[in-house]
Amino acid sequence: MLLFFVLSSSFAFSQAIDPWKISATSINPASYYGVTVANGMIGIVSSPEPFKVKDVVLAGAYDLYGRGRVSNFLRSFNLLNMNLDVDGQRVDGKTISNMKQELDMKTASFTTSFDIAGKATVSYTYYSLRHLPFTVLMDITITAKKEITVGGSSVMEAPDALKEVQNYYNEIDRPHVVISLLTSTAKSPTGKLLMCASNTFLFSEPHGEEPRVIHEMWDNNMHLMKFSRKIAAGETYRFSIVGSSITSAHHDDPLNEAERLTIFAKLEGRERLIQFHTKAWNELWKSDIVIEGDPQSQQDIHSMLYHLYSFSREGTSLSPSPMGLSGLGYNGHVFWDTELWMFPAILVLHPEIAKSLVDYRFERLEGARRNAFAHGYKGAMFPWESAGTGVEETPVWALSGPFEHHITADVALAAWNYYLVTQDKNWLKERGWPILSATANFWASRVERNGPGHYDIRNVVAADEWAENVDNNAFTNAAAKANLKAATEAAKILGLTADPDWANVAMNIPVLKLENGVTKEHEAYKGEGIKQADVNLLGYPLKEITDDNQIKKDLEYYQGRVPNQGTPAMTQGIFALLYARLGDPDKAFHFFKDAYEPNLLPPFRVIAETKGGTNPYFATGAGGILQSVLMGFGGLDIGPKGISQLKTTLPKNWKSLTITGVGIERKTYSVR
């Protein structure tokens, strides 16, 4: 009987975990980490306060302000903030009960519902519309328990950092529609950008019967438009707010374009907007990861995929920062976090989105050439932190800016892997080759030629960033070798003559060993603790080390040198991936869970950068953990002929793993 009870309880618990929906009913504003709804261009971060949004973040919009004297992501106008009054009383956290918030990852929508005692039940859902990159929608439903009068107001407020705010209200009256436009513009902190946002109401009533809209100006930074309506007992009333936000970084005429895009959305109508948004997400989810036998891992993996899909977009030539569109973390800059950690998962599941990420680097190749020139090197040297223009954006206090040179090889290898997966020779010729050849020239000039086997790379910040200004870092050296070999191979494919010095340099860059045979992290390394994976990346993704015994020896040595606190989530993801490929399901599953479960924050299981950290959403970590599933448990591998599948092993509690929509042929791979 006891055994039956345990099994039944376990089954009931597993049934309660929805693979697509993450719900919260115990919402504590003091311990609340918002979840993001985004479409690869505009991100909306949730708030515990009804009808409020914490942040609106636009990809590609940077200006100089705040700490570090470098470009930062800008908060945009909060174009979905709203007030609701019921019988003259403002709805807020103190006047409601039974509040529930839910992220639906399948439809990329976020819903909040609650009761107003004795008066109404309310729910609202917002979307960052996938098919309209600059447009968002909030859909509100009110069911009256008795006759009530509701007052709804859309509030447009400028973030504090913006200046020279201008507010506009415009009514466009046509025989078939009246469009009330609430619009604001402002200059970015230095005046470099013009930031613009506009929104309007969508009413359910036929034209001529919709509520009258009134505009109110409160102060320079805030204005609103409002309406009121009686709702009969038992009646359900629905209205929406749709709006667009765009800047001069995206369009030459952002003020008029924000209004045009809002008018377009208004006249498309709520149903068509939601229909096309849902259709676009259904297309994205044709590339999915399906885990049978572990409902919590399935939900968590969907969350990680959902966030990577939300933070990137086809056709933009933009690239996600470590925190994606979840806020202003890391100033919105682009690091190796993209190429080494997020890019591979996006590449195998959606090559068309991955193209945007490598195009971002190609379009900033000239800045990388100037960076190499300034440091006395040839070719192209990509900046450690990149933003709008592709110049170095690392704050001066961080030594990674001048010295973390492996980023150049990381960019090159992402470009090479894009070619391998797509086999697109035209792209390789026009965009891949300029990156690969320029970065190979950089490494050929970067090495110090001290005799055979001693083409040393001195004075770098390692991939393990606690190792500063060291010589012959394992990851940097191996990544440089891979970069040089890829450039040589690309030349062969394109019928070009590779510089013979590239192969010569690659053969002579050393990868060092400790006395016990373990791969040595850098020349002066003596067993210190490490911030993150470095040596272990030589097994994957660099394939510098292919001998299983050596990979295992390096794993066993370095896994004990990662502290329990203060280190990023990707490291354990690499441990999990390698152990899965080595056929050790117990260690693989241990590190898979250890990579993210201690980093989860309430109430939506969003991932922080470190155990005990509070800066979600850490998309870099999500990318590393997804690789542990795709390339570890799933065995996917990128090689000369594209994507193949290696022999691997599953966690013991996973019955099967199915990966759908892989590569340009949208293949399905399974492990049982």
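The following legends describe close-up views of a predicted model. Local features require pLDDT of at least 70 and side-chain atom pairs count only at pLDDT 80 or more, whereas totals for chains, interfaces and linings use all residues. Residues are numbered from 1 along each chain as its sequence is written, and side-chain values use heavy atoms, with hydrogens and water left out.

**View A. The largest nonpolar core and Ile-142.** A nonpolar core is a set of buried Ala, Val, Leu, Ile, Met, Phe, Trp, Tyr and Cys residues joined through side-chain atoms within 4.5 Å; buried denotes under 20% relative accessible area, exposed over 50%, and partly exposed the range in between (1.4 Å probe, protein chains only). The largest such core has 210 residues, of which Ile-142 and Trp-336 touch the most other members. Helix α9 (residues 406-422) gives the most to this core, with 12 residues; helices (H or I, at least four residues) and strands (E, at least two) are DSSP runs, numbered from the N terminus. Apart from this core lies another, of nine residues, including Leu-129, Leu-132, Leu-202 and Leu-273. With contact defined as heavy atoms within 4.5 Å, and residues up to four places away in sequence not counted, the residues touched by Ile-142 include Leu-84, Val-122, Ile-231, Tyr-237 and Phe-239.

**View B. An open four-stranded sheet.** Its strand order is β2-β3-β4-β5, with antiparallel pairing; two strands pair if DSSP finds at least two bridges between them. Strands β2 (36-38) and β5 (71-75) stand at the edges with a single partner strand each, so one side of each is left without a neighbour in the sheet. Within the sheet, β3 (residues 42-46) and β4 (residues 53-64) pair in the antiparallel sense over five bridges. Ile-44 has Val-56 in β4 as its bridge partner.

**View C. The salt bridge between Glu-164 and Lys-187.** A salt bridge places a side-chain nitrogen of Lys or Arg within 4 Å of a carboxyl oxygen of Asp or Glu, and the structure holds 39 of them. Here the N to O distance is 3.7 Å. The pair links distant parts of the chain, 23 residues apart, with Glu-164 in strand β13 (residues 163-174) and Lys-187 in strand β14 (residues 177-187). Glu-164 counts as exposed at 52% relative accessibility, while Lys-187 is partly exposed at 28%.

**View D. The salt bridge between Arg-369 and Glu-366.** These side chains meet at 4.0 Å, N to O. Because they are three residues apart in helix α7 (residues 365-374), Arg-369 and Glu-366 are separated by about one helical turn. Arg-369, at 33% relative accessibility, counts as partly exposed, as does Glu-366 at 47%.
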